[in-house]
Amino acid sequence: MHLGFRYHLASLMAVFLSLVLGILIGGALFQDSVLVEEQGLIISEMEGRFQNLQSNLTILEEQLDFSEKSWHEIRDLLIEGSLEGKSIHLVDLGAQRGLGPVEKVLKAAGASPLRLKAGDLESLSVSDGLFLLVQLNDDEIPPKVLLDLERLVSQGTHLTFVWGSGQQPALARLPSSLQIDCVETVWGEIALIRGLIGESIGHYGLWRNALGLFP
C-alpha cells in the first residue's frame with residue numbers, strides 16, 4: 001500500500017521535472033522576455049500544485065495507516081478465542097504463500113492447526129468436527145487429491161479452500177466448501193474465521209464474483 005503511494009508520488013515528480021525541463025529548454029531556444037516570464041509563472045503554479053498534492057498524499061497515507069491499524073484491532077477482537085479447542089488440518093498443495101499467516105491467525109483464534117501433505121489425505125479418517133483447510137495454488141488439483149477431498153466431504157468434513165492475492169486458482173471443480181480469496185489480508189482473515197465458526201459454504205472475499213466480503 002505504501003509502496004503504491006511512493007511509486008505514484010515518484011511518477012508525479014518525474015512528470016513535473018520533465019515539464020520544467022521542457023519549459024527551460026523552450027526558454028533557451030526562444031529568448032523572449034514575455035515568454036520567459038510566463039514560463040516562470042507556469043513553473044511557480046506547478047510547484048504550488050505539486051506541493052499541495054504531496055501534502056494531500058501524505059494525509060491520505062496517514063489515514064490509511066490508521067484504517068489498517070483499526071482493522072487489525074477489529075480482527076483481534078472478533079477472533080479471540082472463537083475457535084478454542086478446534087482441531088484444523090492444513091493441507092499444503094505446494095503454495096507456501098498463505099499457510100504461514102493462516103496458521104498464525106488460526107492460533108490467535110484458539111485453534112490447534114495441524115499441517116498435512118496431500119499424500120496424507122488418503123489415510124485421513126473423519127472424526128467429529130473435523131475441519132480441513134486447503135491452500136490452493138494456480139495449478140489444477142490432482143485428480144487423486146480431489147477424490148480424497150470429495151470422500152472426506154461426503155463423510156462430514158467441513159472443507160475450506162484459501163488462496164492469496166494475485167493467485168487465480170480454478171474453482172469450477174471444487175467440492176462443496178468454504179472458499180476465501182486474498183486470505184493474507186485482514187479482511188480475508190476475518191472472513192476465514194467467521195466462515196469456520198459458522199461452518200459456512202460459498203466463496204467470500206475481494207473477488208468480484210464472491211458472495212460477499214464476509215460469511
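Predicted model: local features only at pLDDT ≥ 70, side-chain atom pairs only at ≥ 80, totals over all residues.
Colleague: What makes strand β4 largely enclosed by the rest of the structure?

Modeller: Five of the five residues of β4, residues 158-162, are buried, so the strand is largely enclosed. Both faces are covered, with His158, Thr160 and Val162 buried on one side and Leu159 and Phe161 buried on the other.

Colleague: Which strands does β4 pair with, and in which sense?

Modeller: Strand β3 (residues 131-135) pairs with β4 in the parallel sense over five bridges, and Leu132 stands opposite Leu159. Strand β5 (residues 178-180) also pairs with β4 in the parallel sense, over three bridges, where at least two are needed to call it a pair.

Colleague: Why is the contact of Arg75 and Glu189 called a salt bridge?

Modeller: The N to O distance between the two side chains is 2.6 Å, and the cut-off is within 4 Å, so the contact qualifies as a salt bridge. Arg75 lies in helix α2 and Glu189 in helix α5, so the pair ties together parts that are 114 residues apart in sequence.

Colleague: Why does Arg75 count as buried?

Modeller: Its relative accessibility is 14%, and buried means under 20%, so Arg75 counts as buried. Glu189, with a relative accessible area of 8%, is buried by that cut-off.

Colleague: How do you know whether Arg115 is buried, partly exposed or exposed?

Modeller: Arg115 has 39% relative accessibility, which lies between the 20% and 50% limits, so Arg115 counts as partly exposed. Its salt-bridge partner Glu103 counts as buried at 17%.

Technical notes
Residues numbered from 1 in each chain as written. Heavy atoms only, no water. Buried < 20%, exposed > 50% of the residue type's maximum accessible area, 1.4 Å probe, protein only. Helix = DSSP H or I, 4+ residues; strand = E, 2+ residues; numbered from the N terminus.
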